[in-house]
Amino acid sequence: MQIPKTNIHLSLSSLFYLVPLYFLVINPLLRQFLPADSGSAIYAWQDDNFYGDEEEDTSLNLNPDVLSLDDGVPFSCDYGDGENGEDNYKVHILNQAPLVIYIEDFLSGYEADHLVNISKPHYTPSTLYSSSTDSLLNRTDTTKRLSDRALLPRNPVVRCIESRAHAFQGWKPHLYIERMWAQRYNASGHYIHHYDWAGTARGRGGDRLSTFMVYLADECIGGGTNFPRLRMPKDKKWCRFLECGGGEDTKKEGSQRQGITFKPIKGNAVFWENVGPDGRGWPETWHAAFPVEEGEKVGLNIWSWYQPPKGRWRS
């Protein structure tokens, strides 16, 4: 039996119109009424444990030398400076995807000075990190990273800051604050462009979900934190926190800098998410510590490690 050519043409024409109709109208409606199954990629914080009563899986072998685990040690956040342990910081959203937030007064002056003082006996030369092996290389290369780092003891002040960093992110399940490191940059101190994420979320189930870069001491010229793949905002109010050109801190090489550069300002912090909804690292988080030209800069790294008991990033 021979099918008339007219019918074939009508069928093809109908298909031509139905395909865009499906993708533009039918499919969005179906996604509203029929949510994606558990096999689709999900946000790390959209965890079943966040909303339900699912029993916590304690099968993970978490290293207390790396992560600041809840060990039941009591602490108080009232330092006698009139703040009564209250969080008085202000937030400014710089970017949505990836999420980048600037935080004014994330640390009080007392907290910043305290961390600088307790870090002094613990400094050693900073070593390099390999995202391909997800480990420290245990070697220094001053052409790439020139600074000293100090692992901070978990005293009450440190524990309060750990708690604040966790609360800032909504107490996400399976999110652990790593042990905190102070970073000291003297003249010429720097760290070339790099990522904080390792790309291990999808394969091995865990990665550094987010970063706080906190400034503890800012008696320096230069030393800004540069993100070459983020766009400079139009509003000049951001020049309080960003290098906008024309100042002493940018006159030497400001014209050669791309993206945005945060000024070191004591007590303030930059927060950004390293990993996207699908478990892949954000390329826009490529960042560097520009060289200190004079003086000393001290920073604080607060990394948040996401390690679910089961693979939450699936596709």
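## Disulfides and nonpolar cores

Cys77 is partly exposed, with a relative accessible area of 22%; buried means under 20% relative accessible area, exposed over 50%, and partly exposed in between (1.4 Å probe, protein chains only). The structure is a predicted model, in which local features need pLDDT of at least 70 and side-chain atom pairs count only at pLDDT 80 or more, while totals for chains, interfaces and linings use all residues. Residues are numbered from 1 along each chain as its sequence is written, and side-chain values use heavy atoms, with hydrogens and water left out.

The structure holds two disulfides, a disulfide being a pair of cysteine sulfur atoms within 2.5 Å. Counted along the chain, the bonded cysteines follow the pattern 1-2, 3-4.

| Disulfide | S to S distance | Angle about the S-S bond |
|---|---|---|
| Cys77 and Cys160 | 2.0 Å | -110°, left-handed |
| Cys239 and Cys244 | 2.1 Å | -105°, left-handed |

Helices (H or I, at least four residues) and strands (E, at least two) are DSSP runs, numbered from the N terminus. Cys160 is buried, with a relative accessible area of 2%.

Helix α3 (residues 109-119) has as its buried residues Glu111, Ala112, His114, Leu115, Val116, Ile118 and Ser119. The elements covering these residues include β7 (148-151), α4 (156-168), β9 (181-185), β11 (207-217) and β18 (297-306).

In soluble globular proteins, nonpolar side chains tend to be buried together. A nonpolar core is here a set of buried Ala, Val, Leu, Ile, Met, Phe, Trp, Tyr and Cys residues joined through side-chain atoms within 4.5 Å. The largest such core has 30 residues, of which Phe106, Leu115, Phe212, Val214, Leu216, Leu300 and Ile302 touch the most other members. At least two residues of this core come from each of β2 (100-104), α3, α4, β11, β15 (269-273) and β18. The greatest contribution is that of α4, with six residues. Apart from this core lies another, of 14 residues, among them Phe227, Leu230, Trp238 and Phe262.

Phe212 illustrates the surroundings of one member of the largest core. Neighbours within four places in sequence left aside, Phe212 is in contact with Ile103, Phe106, Ala165, Phe168, Gln169, Val270, Phe271, Leu300, Asn301 and Ile302, where contact means heavy atoms within 4.5 Å.
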